[in-house]
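Here is a walk through a protein structure for someone meeting it for the first time.

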Amino acid sequence: MTAEDYDAALHFYRDVLGLAERGAFVSEDGRVTILDAGRATLELTDPNHAAFIDEVEVGRRVAGHVRVAFQVDDSVAVTAKLAAAGAEVVAEPTRTPWNSLNSRLEAPGDLQLTLFTELDD
């Protein structure tokens with residue numbers, strides 16, 4: 001991810017969201033930090049289903065062609081924590097038809113995030 005405000009993005013993703021730093025490199029051409037985001041999957045969707053996901057999570061079409069989702073233990077608490085650190089809450093946590101509690105945020109680096117917690121019942 002390329003971030004215009006590198007320091008703010010690094011603080012948000014490493015220090016607030018808690019992604020572990022795996023490496024950091026500085027050269028005369030700039031800086032890069034590698035953060036461990038856990039296990040990754042790629043969810044491909046067609047425009048109709050993307051609109052459905054947005055409708056369920058937000059109530060309207062809002063996402064661009066890339067949205068990153070993080071599974072968290074408590075989407076309510078993590079949403080509040082990220083909002084306090086500067087993310088814009090697009091939609092508060094909402095129970096989905098697939099039985100998770102999902103929120104949506106606009107985060108540093110112009111990246112839209114879904115936070116989700118799998119529900120037991």
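What follows goes from the pocket to the salt bridges, then to the aromatic rings, the surface and the loops.

Keep in mind that this is a predicted model. Let's begin with the largest pocket, which has a volume of about 1,500 Å³. It is lined by 46 residues, and the ones closest to its centre are Thr 41, Arg 67, Val 68, Ala 69 and Phe 70. Several elements give two or more residues to this lining: the helices H1 (6–16) and H2 (47–57), along with the strands S2, S3 (67–71), S5 and S6. The top contributor is H2, which gives the most with 6 residues.

The side chain of Arg 67 meets that of Glu 43 in one of them, at 3.5 Å from N to O. Arg 67 sits in strand S3 while Glu 43 is in the loop between S2 and H2, so this pair ties together parts that are 24 residues apart in sequence. How open are the two partners? Arg 67 is partly exposed, with a relative accessible area of 25%. Glu 43 reaches 55%, and because exposed means over 50%, Glu 43 counts as exposed.

Now look at H2 again, this time at Asp 54. This residue forms a salt bridge with Arg 104, with the closest N and O atoms 2.9 Å apart. Asp 54 belongs to helix H2 and Arg 104 to strand S5, so here the parts tied together are 50 residues apart in sequence. Both Asp 54 and Arg 104 are buried. Salt bridges that share partners also join Asp 54, Glu 57, Arg 61 and Arg 104 into one network.

Another salt bridge is found between Asp 15 and Arg 14, whose closest N and O atoms are 2.7 Å apart. Asp 15 is partly exposed at 40% relative accessibility, and Arg 14 is partly exposed too, at 27%.

The model has 2 aromatic pairs by count. One of them is made by Phe 12 and Tyr 13, with 5.0 Å from centre to centre and 80° between the planes. That angle makes the pair edge-to-face, because planes over 60 degrees apart are counted that way. Phe 12 is buried, and Tyr 13 is buried as well.

On the surface, what do Phe 25, Val 32 and Ile 34 form together? They make a nonpolar patch with about 270 Å² of accessible area together. Val 32 lies in strand S2, which covers residues 30–36. With a relative accessible area of 39%, Val 32 is partly exposed.

Finally, take a look at two loops. Asn 99 lies in the loop between strand S4 (88–95) and strand S5 (100–107). Its phi is positive, about 65°, although Asn 99 is not a glycine. Asn 99 is partly exposed, with 22% relative accessible area. Asp 110 is found in the loop between S5 and strand S6 (111–118), and here phi is near 55°, again a positive value in a residue other than glycine. At 76% relative accessibility, Asp 110 counts as exposed. To get a sense of distance, pick out Asp 110 and Val 26: they are 84 residues apart along the chain, and their C-alpha atoms are separated by 23 Å.

Definitions and conventions: Residues numbered from 1 in each chain as written. Predicted model: local features only at pLDDT ≥ 70, side-chain atom pairs only at ≥ 80, totals over all residues. Heavy atoms only, no water. Phe/Tyr/Trp six-rings, centres within 6.5 Å; stacked < 30°, edge-to-face > 60°. Buried < 20%, exposed > 50% of the residue type's maximum accessible area, 1.4 Å probe, protein only. Patch = residues over 30% accessible without salt bridge, like charges linked within 9 Å, V, L, I, M, F, W, Y side chains within 5 Å. Areas by Shrake-Rupley, 256 points an atom, 1.4 Å probe, with all protein chains shown as cover. Salt bridge = Lys/Arg side-chain N within 4 Å of Asp/Glu carboxyl O. Helix = DSSP H or I, 4+ residues; strand = E, 2+ residues; numbered from the N terminus. 1 Å grid on protein atoms, 1.4 Å probe; cavity = no way out; pocket = protein on both sides within 12 Å on 5 of 7 lines; lining within 4 Å. Points joined across faces, edges and corners; volume = space filled by probe spheres on them.
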